[in-house]
Amino acid sequence: MTDNNAPQIANISRRSILKGFALSGLVLAVGMPAQLLAADEKQKYGRDGMPNGWVDDPLVFVSIAEDGTVTIVAHRSEMGQGVRTSLPMVVADEMEADWQRVKVIQADGNEKRYGNQNTDGSRSMRHFFMPMRNVGAAARMMLEAAAAAMWAVPVSEVKAKKHQVAHAKTGKTLGFGELAQKAAEMAVPENQNLIYKSADEFNYIGKKDNKLVDGFDIATGQTTYGMDVRLDDMVYAVIAHPPAYGDTLKSYDDTETLKVPGVIKVLTLPSSPPPAVFNPLGGVVVVASNTWAAIQGRKKLSVEWNAGPNREYDSAKFRETLQASSKQKGGKVIRSKGETYNELANASSTISADYYIPHLAQAPMEPPAATARIVDNVCEIWTATQNPQAGVDTVAKWLEVKPEQVKVNVTLLGGGFGRKSKPDYLVEAALISKALGGQAVKTVWTREDDIQHSYFHTVSAEHLEAGFDESGNATAWLHRTVAPTIASTFAKDAKNEMPMELSMGVVNIPFDVKNIQIENPEAAAHTRIGWYRSVSNIPHAFAIQSFIAEMAHQQKKDHKDFLLSLIGPDREIDPASLKDDWNYGESPEAYPLNTARMKGVINMVTEKANWGKTLPKGSGQGLAVHYSFVTYVATVVEVVVNDDGEVSIPRIDVAVDCGPQVNPERIRSQIEGACVMGASLAMTSEITFKDGVTVQDNFDGYQVTRMDAAPKEIHVHLVPAKDFNQSLGGVGEPGMPPVAPAICNAIFNATGKRIRELPIRYQLES
C-alpha cells in the first residue's frame, strides 16, 4: 500500500510487506487514513490535524514469522523517552502477543507509509495510542478468524491468549506462527467492527514493569546512534560554520589544512541568509579519512568572514532592551478582560516584578551527525532525527530532486530536546556527498559546534503586576511577555510571539481574577530561535509561578492556599474563551482546561511532600504548578542553601495528571529526567552572545547539572485516570516548566532572597 488517501480497508499488501520484512509469515492490515477528510470539512485536531495524518494498517506495522516471532514497527523516534517500547507494547497487548516473542524494528522516514513521524510536542502516545490499539485488535481478530476456519467452528468460540488461539470446547490450540499464513487470507475487519480488550484484560498497558525493549542494548553499547553509523569507503567531514548568524564566507586558505595527515579535501557550502528555516549555515568543509583528522584540519584553516546583520548582537545589552519593552505600554494586546489598568490604579495594594531567562541550548549528549550517500540519483541518509519527513523535504529541495529520491534512516537519538527536529545537518551531509560524487560521508558536529550554532531557546523578559482588594484577593493581573519568536526562524521580520507560544502558559491562565490584561511587545531575533523541551512554557511558568509566590508572601498567605484561591472554583474552561485557539492542537471539547485537575495535582503533591513541614535553617520548600501539552503538573522542591550560597536539592515531589497511563515507568522516567534538566536551566545553564558569537562552547561554559548536584530524590506521583477512554496528555515535556520556579520559591523560603533571573548560579553568594 503506497497511497494513504486511497479509500480502503483492505488486506492488499501482504506480499510486499512480507518481502520487506524478509519474514515468512503473515500480516494483516487495516488502513484508516485521516486524510480522507475533505479540505473544506471542519477543523481537524490532534492526530487528524498533523501533516500526513496517521496510519493504523497492520500490514505496515506487524509481521508474524512461521516460528511465531511477531515483528512490530516503531515509527516514532526514540530519544530516551521509551516510545520504541511503549507504542509496540500497545500493539502487542491488543494482539495478545507474548512480549518475550516480540521484535521491534525502527521505521525509516516515510510518512506516506507510517503517518506523521515528527516526534515532538509530547504527542506520540496521545496521538497514536488508539491507532496502535486498532492495529493490534485487527491482527488478533484475523488470527482468531483463521483458527476458527481451520477448526470449522464459530469464531465466537475461539479466543486469542498469549501468542496462541484456543478453542475452549475441544481444548485445541494453535500458535500465532501456525496461523500466520491462513490469517493472511482472512478479511480484514473494518474499524467500526474492531473488538477491543477491556482495561482489566491488559497484559502490559498500564502496568509498572515494562522494561525498555532495547534497554540492554543501550546499556551495553550494542545499539546504533547517528554517530555510530559506518559505511564502506566512508569519509568524514566537519564544517567551519560562520561565527555569527548571517555571516558569509569571504575567503579561506587551506594550505596548512591539506598538510594534516588524513585530510582529503576542502570544500565550501553556500551560506543561507536569514531566515534560517531548516537551511544549513554554510561554511568551509574539511573532508578526511577520519573524524580526528577532519577536526585537526579545520583548526588549520585560515578563514575570513563577511560580517552579517547580527555581528553587533550583545545579549547583555539586548536584555536591557527587552526589559525596557516589558515595562512599557503599547505592546500587542493578547487578552483583555475588565479594566486592568484602572483596577491597578485603585487597588488596595499592588505588586510588580520582572523576570528574565537567557538563551538556552538543547545540548543533547549526542551532537548532530548524519551520514549520506548518493547512488543512482537517490540520496540515502542515516541519522538521529526527530523529524525524518522534514529531512526528506529539505534535502530534496537542496539537491533539487524529488522527495522520492531521498531516504532517511532513523537511528537511536542520544537526546533531542527539539534540536534534532531541524534537519540542517542532514542537508550538509547530502550536499557534501553530492560534491564528492555521491561518496558516503559522515558529517559530524562537535560539542562546540552544537553549543555555538544551535537553534537556541529564546531569551525572555517578563513583567507582571497584580492588584489586591482589602482582603488580599487578586483583582487585577497584568503580564507583558517579550521574547524573540520562533517565527523569526521562518520569517525574518517576525517580532511578536506566535499564538502557539503565547498559549504556552500566558494567554490561557485560568485564574479567577476579574481584570486581566496580557500584552506582547515586539522583539527582534538575532540568532536562530528554535524549540527547546517545553518551549515557551519555560519562561512563562518561571515568571508566573514565581510571581504568585511573591503575591502570596506579600499578602501574608500560605502559597498553596493562595494558589488554590487564585485558580478558583472547579470548572472546565473552553481554551478559546481564554484567547487560546491553539490548545496544543487538540480539540477544546476533548481537552478543556480543567481547574479541578489543576488543583488536584497541587493537593496531591503538597500532601506527598508534607507541605509546610518544619525544616532546618537554610532549608525551604517551593511549589509551582503548570499546565502544558494538555497535562497538569505540580512540583514541590526542597532545597538546602549553605552559608556559601550553594544550593542542593535533597528532594523533589511531582504530581502528574496526564490522563490514562500506558507505560507508567516511562512516565516516571521522563518526569525524573525533566527534573534534572529543569534543575540545569534553573541553576547553571546560560547561552550569551558577544559580537554576535556564542560565548559558551562546551560543557565547561554551558553547564548542565552534574551528578553530584542533581536532585537526590525524585518522587513522581501519578493521578489515577478514570479509564482508558479518557483523553491522554503529553508526558515528555510537561515536567520541565514547574521545576525552576519551584526551586526559586524554595530558595526564598530558605533564605528570604528572591531569584528573578536565571540561572541562579552565583546569585546567592554573599
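This is a predicted model: local features need pLDDT of at least 70, side-chain atom pairs count only at pLDDT 80 or more; totals for chains, interfaces and linings use all residues.
V630 counts as buried, at 3% relative accessibility, where buried means under 20% relative accessible area, exposed over 50% and partly exposed in between, with a 1.4 Å probe and protein chains only. Residues are numbered from 1 along each chain as its sequence is written, and side-chain values use heavy atoms, with hydrogens and water left out.

**Confidence**

- The average pLDDT of the protein is 93, and 95% of the residues score at least 70; pLDDT is the predictor's confidence in each residue, from 0 to 100.
- Over residues 1-39 the pLDDT stays under 50, and for this stretch the model has 118 contacts beyond four places in sequence, a contact being heavy atoms within 4.5 Å.

**Overall form**

- The protein has a radius of gyration of 27 Å, which agrees with the value near 27 Å that a compact globule of 766 residues would have; the radius is taken over C-alpha atoms, and the globule rule is 2.2 Å times the number of residues to the power 0.38.
- Taken along the principal axes, the C-alpha atoms fill a box of roughly 85 × 70 × 55 Å.
- There are 19 helices and 28 strands in the protein, both being DSSP runs numbered from the N terminus (helices are H or I with at least four residues, strands are E with at least two).
- Of the 766 residues, 62% are buried, and the accessible surface comes to about 29400 Å², of which 49% belongs to carbon and sulfur atoms; these areas come from the Shrake-Rupley method with a 1.4 Å probe, and for residues only the protein chains shown count as cover.
- Among contacts with a separation of 6 or more, 78% are between residues 24 or more positions apart.

**Nonpolar cores**

- The largest nonpolar core has 117 residues, and W477, V639, I743 and I760 are those with the most contacts inside it; such a core is a set of buried Ala, Val, Leu, Ile, Met, Phe, Trp, Tyr and Cys residues joined through side-chain atoms within 4.5 Å.
- Helix 18, which spans residues 664-683, gives the most to this core, with nine residues.
- A second, separate core has 52 residues, among them W54, A183, Y204 and L728.
- Not counting residues up to four places away in sequence, I743 touches V637, V639, I649, A679, A682, M683 and I760.

**Loop residues and their surroundings**

- D469 sits in the loop between strand 18 (460-468) and strand 19 (474-482), and its relative accessible area of 29% makes D469 partly exposed.
- The side chain of D469 reaches the backbone nitrogen of N473 at 2.9 Å, and a polar atom of that side chain also lies 2.9 Å from the backbone nitrogen of S471.
- Neighbours within four places in sequence aside, D469 is in contact with S348 and T475.
- S534, in the loop between strand 20 (515-520) and helix 15 (537-554), counts as buried at 0% relative accessibility.
- Leaving aside neighbours within four places in sequence, S534 is in contact with M504, F629, E733, P734, M736 and P737.
- N663, placed in the loop between strand 25 (647-657) and helix 18, is buried with a relative accessible area of 3%, and beyond four places in sequence N663 is in contact with T85, S86, M89, K207 and N210.

**Backbone geometry**

- Most residues other than glycine have a negative phi, and most peptide bonds are trans.
- V630, in the loop between strand 23 (619-628) and strand 24 (631-641), has a positive phi of about 55° although it is not a glycine.
- F417 also has a positive phi, near 55°, in a residue other than glycine; F417 is found in the loop between strand 16 (406-410) and helix 12 (424-435) and counts as partly exposed at 26% relative accessibility.
- P274 and P275 are joined by a cis peptide bond with omega about 5°, and P275 belongs to the loop between strand 9 (263-269) and strand 10 (283-288).
- The peptide bond from L758 to P759 is cis as well, with omega near 0°, and P759 lies in the segment after helix 19 (739-751).

Terms used
A polar contact is a pair of N or O atoms within 3.5 Å; within protein, one must be able to donate a hydrogen and the other to accept it, and residues adjacent in sequence count only if both atoms are side-chain atoms.
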